[in-house]
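Hi everyone, thanks for having me. Please have a look at the structure on the screen, and I'll walk you through how some of its parts meet.

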Amino acid sequence: MMSEFSYVGANITRVDVLEKVTGQAVYTGDIELAGMLHVKLLRSPYPHAKIHRIDSSKALKVPGVKAVLTGQDAPSRRWGTFLADRPLLAQEVVRFIGEPVAAVSATTIEAAEEAVDAINVEYEELPAIFDPELAMSKEPPVIVHPDLPKYHTKLTGFLRPRLEPDMPNVINHYKIRCGDIDQGFKEAELVVENRYTTSRIQHCYIEPPTVIALFDVNGTLTIWSKSQTAWRQRAAIIDIFGLSPSKVRFITPYVGGGFGGLTWVYEALTSLVAMQTPGRPVKLVLSREEAFIDAPARIPFVVYVRDGVKRDGTIVAREIKMILDAGAYSAYTGLIVKNASFGTVGTYRIPNFKLDSYGVYTNNPPNSSFRGLGSCQAEWAIESQMDEIAERLGMDPVEFRKKNMLHEGDRNVQGEIAHSVGAEECLDKAASLIRWDEKPEQEPGPWKKGKGIAVGNKYTIAGTDSCALVKVREDGAVNVFHTGSEIGQGCDTVFAQIAAEEMGLPMDMVKITRGDTDITPYDWGTASSRLTFYIGNAVRMACQDAKRQIAELASEKLGVPADELRVHANKIYQRGKPDAVLNVPELFRSGGYVGKGAEIVGRATFSCPVTPEDIETGQGERLVAYFSYGAHAVELAVNVETGEVKVLKFVGAFDMGRPINPKMCEQQMEGGMSMGIGSTLYEETVVENGIVINPNFVSYKIPTITEHPLIENVKFDSAPAPHREGPFGAKGLGEGVLIPSAPAIASAIYNAVGIRIRDLPITREKIIKALEEAIKSVDLLGGGSV
Amino acid sequence: MKQRLDFVVNGERVAVYVEPWRTLLEILRDELKLKGVKEGCSSGMCGACTVLIDGKPVKSCLVLAPQVEGKSILTIEGLIRDGQLHPLQQAFIEHFAVQCGYCTPGMILSAKALLDENPRPTEEEVREALRGNLCRCTGYVKIVEAILACSKKDWEG
C-alpha cells in the first residue's frame, strides 16, 4: 500500500530503542553535575489559609543548607500557561493542600528534608470550596482568586480567557451557538438528557517529575527538565525573572512518559532556587506522592447533555454544558475549556447546537492537561448519549452514529468544512473486528458477557508553529535538529523516516539532535498530537531547503543553472542526463565545510493557519489543524455477584492520515487501550476536603500486565484518511487512541447487565450498587427476581 | 557509620562503603553510577528499579545495603556479552516493546529471571511474572509478544 515510499509507511526500528534496552538512555534524573544541591519543598497542610508568619531560622541552621526561600523571595510575576495566576511559592495565601510554601536547597537530601521540617509557618485557616458547581455560582461562599480580573495574560482576542464578572470563580467561558436550539427541540420526537462526570485521573508516567537548574557565574540559567514544552517554559521563565533570552537555555533529555502531564511550575520554581547559589546546580525530584497531589491531574468534568432526535434517528438538537474543575490554579484549564468543546463538534452533523463550557477555580489540587485535552471527558458524555439514544430508538448504535456522521465537505457546528474524515471507516472496521453482528456466547454462572462500541475524534491545535533545521555533513549524511520531546511516542523515529524519505538517504545517514534551546529551533510543544504533522512538515521542508542549497552550490561548481539540478540519495542529477553529475560530498572542503556560507543548513518553519472564531457563537473557518478519528469495540464479562469486569476482547481502528510507521501506531493504539481500561474501570484520585486520599500506585491502581485481554484478543487496524496538509498525508494519533474507550466499555457493561453508569470510573462498587437498585426497582414494579 | 560491602555486580567484584540504611537502588545509581537502574516510586510499587539478585528479580529500592553482602547483582548494563545484545534486548527491539523506555530495564530483567527458570512459559505465566512491573505507555501487548518470541528460540539465559 505504501510502496511509493522507501521509509515512510515502513516499520522502521525505533532510533531511540538501542539506548533504551541497554540502559544508556539519559533521562533528567540521570544527570549528575559537580556541586549539585538537592531541593525539597514545604507544602501547605490547609486547602485555604492566610499565611501570617514563616520562621525559617532553625532551617537555616541545619548543616548543609544553602538556601531557604518563601513567597517573599519569589518574583511578583506569576506562572501560568494561559493565565499567570500561580506564584512560584505561596504569597500570603495558600489555596490547596500541597501548595509549595517554602523551598530549601542543601548538600544532601537528608539535610534538605530536615530543614523543611524545621520551618515554622503560622496559618489562619479560611473557608474552602471543593464543589465546582457550587464554585461557579453567582454568589459562591468562597472566591478562590479575588484578584482574578487583574491577572496577567499575554493572550489576546479569541484565545484570551473570557471571564464572567458575576461568576467570580469562572476562569473561562466558551460558547458555541449554531442554528436555533429551541426550534430544534420543538422538532424533536425524543429528548434524552443526562449528566455525566469523570474522575481526577493521574498521568502515572513512571519517571518522577525531575528538574535540574544551574545559574552559572556568568548569569546564564540552564534548565534540564522532563518537559513537553521546552520553548514555552523557557519563555515563561524569561518573563517571570526578566532575564535576557540569550541567557536562558532549556534542555529536555529523554522523557520517561508525559501524557500531557508536564505542565507545571517546577522549572520556574527550581530556577528560583538555583539563583540563590550561583555556580551550584540544584535538583528537584518529586516523590510519587507529591506527583499525585501537585503535578496536575486530568480535569474532572461535569457534563450535561440534552439531545433531541427524530424517530428516524436524525439528531436535530444538542445542548451541552460542561463544568471543569481547575482546582486552585489554572495551568491549561483556560485552553481546555475551549478545546474540549471541539470534541463535541468533530464527529456529528447537528443542525441546532448550543454549548457552554466553564472552567472553575476550587480549593482542590490543580488539574490540567492530560492526553486528549478534554476530548476524552466531553466525548465520554457524547458517545454515551449516542448509545443510549440508539437504544431508546431501537436502532443499532453503529447505524445511528453513521446516520448522523460528518463526511468530507460537510460543515460542522462551528462552521468548519470537514476534511480527512475517517470516522465511518474506523467504526465499520471496529464493528467488523468485534463481530458486531454476533451476540457474545453466554456461559452459565455469574459472568454475563456484553459488547460495546464507540467512535471518537481528536482535533489537533491550529495556529501554532514548529521549526526544524537539517544540517548536511561532509559525507552527505544529515542531522535533523528539533525541539519535540521524545516522551515515548517515537517522534525522533518519525522525523528520521521523513528526512530519509525526503533526502533519499538510508536511515543510518540521518541523525537526530533534540531538545536544547541553544541548539534546536522553536517548537510550540509536544501536545495535541501535533508533532508528526507540525515538526514532520518542518523537517520535510527543511530537507527541501537543504537540497535547494546543495543545488545552488553544485550550480556554481558545475556552471549549470540550479533549476536544472535535482538532489537525491546523496547525488546531484542534471536535467536530461541519466547519470549523476556530482556527489554531494564533493561540495565539501577537507574538514567538513563548504566554501560559501560555512555549512549547508536547511531551515523551515511550518505554521498551521487559524481563524479567530466569533466569541459569542464559536463560529469560524479554521479552528483546528485537523481531526483524527478512531473507534473502539470491546467484549467483556461482568460478574453480577462481585461487580468485577473482565475485558475479553479489545479492538479498534484509527485514522491517523497516512501512518509514517505502522508499528509505532500500533504502540499508541495498544497504549490507549491500556489507559482506557484503567481510566474507565478503576482510576480515580480520591480527594476529600482537598486531601488526596490515595497518592500512590497501591491505592491508585493503574493496569498491570495481568489486566488486559490476551494477545489474540487485541486487534488494532488503521483506517487512514490522508490529510492534504500532512507530511506525506500524515496526521497525529497519540491522544485519539484513548477517547472511545470509556463509552465503548460502558456500552458493553450495559449490554451485559443492563445498567448505565454515567460517572467514571465504573468501579465494582458502582456496578453492584446499580445492580441492587435495578433489582429493587423491578421488585417495586412487582416484576419478581431478576 | 559507613560500612564496607563486598558483592558482585554484572560479573565484577566490587567493594563499596555506604551507610547501612542506604538502598541497593542508591548504591547502584549513586555509588556505582549504573543509571540504567531506574527510580520510579521508591516504595516497591512500580518495578522500574528491578534488578536480579542471585538470579531473582528484586525491587532494588526495597533492599537495604547489608542485604547485598556476598550477593551477585545483575543490572541492565550487564546484559550485553562480548558486545552482543542479549536475546531479550533484541526481542524488545524487534517487537517494538519499548516506548518511553523508563520501565524497560526492569521489564527485561524480570523477563530474564522468568525465562532462566521457565524457558517455555505460557502467556499467562509471562503475565504473572511481570505483574510487578508497571508500564504506562505500551499496554504490555508487545512486551508479552517479545518475551514469548524469545522463549520460542533456544533460551541460553
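Let's start in chain A, where helix α6 (residues 230-241) packs against helix α7 (residues 266-274) at an angle of about 45 degrees, with the axes 9 Å apart. Each axis is a line fitted to C-alpha atoms, for helices over the stretch in contact, and the angle runs from 0 to 180 degrees between N-to-C directions. Helices are DSSP runs of H or I with at least four residues, strands are runs of E with at least two, and both are numbered from the N terminus.

This is a predicted model, where local features need pLDDT of at least 70 and side-chain atom pairs count only at pLDDT 80 or more, while totals for chains, interfaces and linings use all residues. Residues are numbered from 1 along each chain as its sequence is written, and chains are lettered from A and ligands numbered from 1 in the order in which they are written.

Back to our pair: α6(A) and α7(A) are therefore oblique to each other. Under 35 degrees would count as roughly parallel, over 145 as roughly antiparallel, 65 to 115 as roughly perpendicular, and the rest is oblique.

Which residues of α6(A) and α7(A) meet? From α6(A) we have Q233(A), A236(A), I237(A), I240(A) and F241(A), and from α7(A) come E267(A), A268(A) and S271(A). Contact here means C-beta atoms, placed from the backbone, within 7 Å. In this contact, 5 residues are nonpolar, 2 polar and 1 charged. Nonpolar covers Ala, Val, Leu, Ile, Met, Phe, Trp, Tyr, Cys and Pro; charged covers Asp, Glu, Lys and Arg; the others, Gly among them, are polar.

There is another pair in chain A: helix α10 (residues 375-393) and helix α16 (residues 741-753) pack at about 35 degrees, their axes 8 Å apart. On the α10(A) side are C376(A), W380(A), E383(A), S384(A) and D387(A), and they meet A742(A), P743(A), A746(A) and S747(A) of α16(A).

Now, how do the chains touch? Chain B brings 42 residues to the contact and chain A brings 45. Within chain B, α5(B) gives the most to that side, with 4 residues. By class, chain B's side holds 21 nonpolar, 11 polar and 10 charged residues.

Finally, chain B has domain 1 (3-78) and domain 2 (87-152), with bounds from an automatic or database domain assignment. Their contact takes 15 residues from domain 1 of chain B and 13 from domain 2 of chain B.

Key
Two residues are in contact if their C-beta atoms, placed from the backbone, lie within 7 Å.
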